[in-house]
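This report describes a single predicted model.

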Amino acid sequence: MKVLAMTAAAAFALASPVLAGDAAKGEKTYKKCKSCHMIVSDAGESIVKGGKTGPNLYGVIGRAAGAQEGFRYSKAIKGAADAGLVWTEEALAAFVQDPTGYLKEQGGDGRSKMSFKLKKGGEDVAAYLASLTE
């Protein structure tokens, strides 16, 4: 019985997504993102000055895709949003690796406006963004 319980616990642990992002590393890696994205709190405090090509990333973790007011999203993001995409740390980490490919997997049609691909550190950036609104 003990073996069965241990086997079940191990299988559950392996099946659960584990995202071990480092917020401190993510803050440094985010410098690659700020040419297009700013981080401005709901109160108007500028946390990271950045571009306006992409939407404000404050509060992005837990937000439905394509929901930032005042930003014009691509058809691909709108399709993924219609399919129910919500930005979790895991989703954001996967998205930054291959934006268009990820959106297609999530029900989006067409290309993402985000042409930059972050091959490493996506989980760290996601942890950093999550840490700003906790």
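## Helix α3 and its end

Helices here are DSSP runs of H or I with at least four residues, strands are runs of E with at least two, and both are numbered from the N terminus. This is a predicted model, in which local features need pLDDT of at least 70 and side-chain atom pairs count only at pLDDT 80 or more, while totals for chains, interfaces and linings use all residues. Residues are numbered from 1 along each chain as its sequence is written, and side-chain values use heavy atoms, leaving out hydrogens and water.

Helix α3 spans residues 75-82, and Ala76, Ile77, Gly79 and Ala80 in it are buried (under 20% relative accessible area; exposed is over 50%, partly exposed in between; 1.4 Å probe, protein chains only). These residues lie on the same side of α3, because they cover an arc of only 160 degrees around the axis, taken from the directions from the helix axis to the C-beta atoms. Lys75 and Asp82, on the other side of α3, are exposed. The cover over the buried residues of α3 includes α5 (99-105).

## Salt bridges

There are two salt bridges, each defined as a side-chain nitrogen of Lys or Arg within 4 Å of a carboxyl oxygen of Asp or Glu. One joins the side chains of aspartate 109 and lysine 75, at 3.4 Å from N to O. Aspartate 109 is in the loop between α5 and α6 (122-131) and lysine 75 is in helix α3, so this pair ties together parts 34 residues apart in sequence. Lysine 75 is exposed at 58% relative accessible area, and aspartate 109 is partly exposed at 48%.

Aspartate 98 and lysine 117 form a salt bridge, with their closest N and O atoms 3.7 Å apart. Aspartate 98 sits in the loop between α4 (89-97) and α5, and lysine 117 in the loop between α5 and α6, so the pair ties together parts 19 residues apart in sequence. Both count as partly exposed, aspartate 98 at 33% and lysine 117 at 41%.

## Histidine 37

Histidine 37 is in the loop between α2 (23-29) and β1 (39-40). Its relative accessible area is 12%, so histidine 37 is buried. Leaving aside residues up to four places away in sequence, histidine 37 touches Tyr30, Gly50, Gly51, Gly54, Pro55 and Leu57, a contact being heavy atoms within 4.5 Å.

## The chain overall

The chain has six helices and two strands, in the order α-α-β-β-α-α-α-α. Of its 134 residues, 36% are buried.
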